[in-house]
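Visitor: I would like to learn how to read a model of this kind, feature by feature. Could we go through it together?

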Amino acid sequence: MNMSVLTLQEYEFEKQFNENEAIQWMQENWKKSFLFSALYAAFIFGGRHLMNKRAKFELRKPLVLWSLTLAVFRCYNNLKQLTLYSVLFELVLIWCTF
């Protein structure tokens with residue numbers, strides 16, 4: 001069995017990630033989440049108020065195309081994952097026989 005199929009590449013940003021720095025930053029800046037949440041809510045409700053009197057866009061065809069593209073992309077990725085899972089399943093079966 002070819003074991004090189006299972007080696008997952010680690011990206012450079014994953015190698016350089018410092019978990020302790022991230023935890024410290026989150027502990028120091030957790031209050032900012034309330035500010036960003038309030039700004040988001042103001043943007044959403046303010047935008048709805050401003051757009052209330054405008055004519056609606058006809059977006060049915062572009063949205064159907066977008067959904068179709070996402071469905072095709074998802075099917076493609078599921079097939080790729082299925083091959084990975086089949087290799088992992090074979091490894092588990094081999095490991096369990098020892």
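Visitor: How far apart are the mean positions of the positive and negative charges of the protein?

Guide: In such a count Lys and Arg are positive and Asp and Glu negative, with His and the chain ends not counted, and each charge is placed at NZ of Lys, CZ of Arg, CG of Asp or CD of Glu. Here the mean positions of the 11 positive and 8 negative charges are 23 Å apart. Keep in mind that this is a predicted model, in which local features need pLDDT of at least 70 and side-chain atom pairs count only at pLDDT 80 or more, while totals for chains, interfaces and linings use all residues. Residues are numbered from 1 along each chain as its sequence is written, and side-chain values use heavy atoms, with hydrogens and water left out.

Visitor: What does the secondary structure of the protein come to?

Guide: Helices (H or I, at least four residues) and strands (E, at least two) are DSSP runs, numbered from the N terminus. This protein has 4 helices and 0 strands, in the pattern α-α-α-α along the sequence. The radius of gyration, taken over C-alpha atoms and compared with a globule rule of 2.2 Å times the number of residues to the power 0.38, is 24 Å, well over the 13 Å that the rule gives for 98 residues, so the protein is more spread out than a compact globule.

Visitor: What percentage of the residues count as buried?

Guide: Buried means under 20% relative accessible area, exposed over 50%, and partly exposed in between, with a 1.4 Å probe and protein chains only. Of the 98 residues, 4% count as buried.

Visitor: How many aromatic pairs does a search of the whole structure find?

Guide: Rings of Phe, Tyr and Trp (its six-membered ring) pair if their centres lie within 6.5 Å, and planes under 30 degrees apart count as stacked, over 60 as edge-to-face and the rest as tilted. The search finds 2 pairs. Tyr11 and Phe13 are stacked, at 6.0 Å centre to centre with 10° between the planes, whereas Trp30 and Phe34 are edge-to-face because their planes stand at 80°, with the centres 6.1 Å apart. Phe34 counts as exposed at 56% relative accessibility, and Trp30 as partly exposed at 48%.
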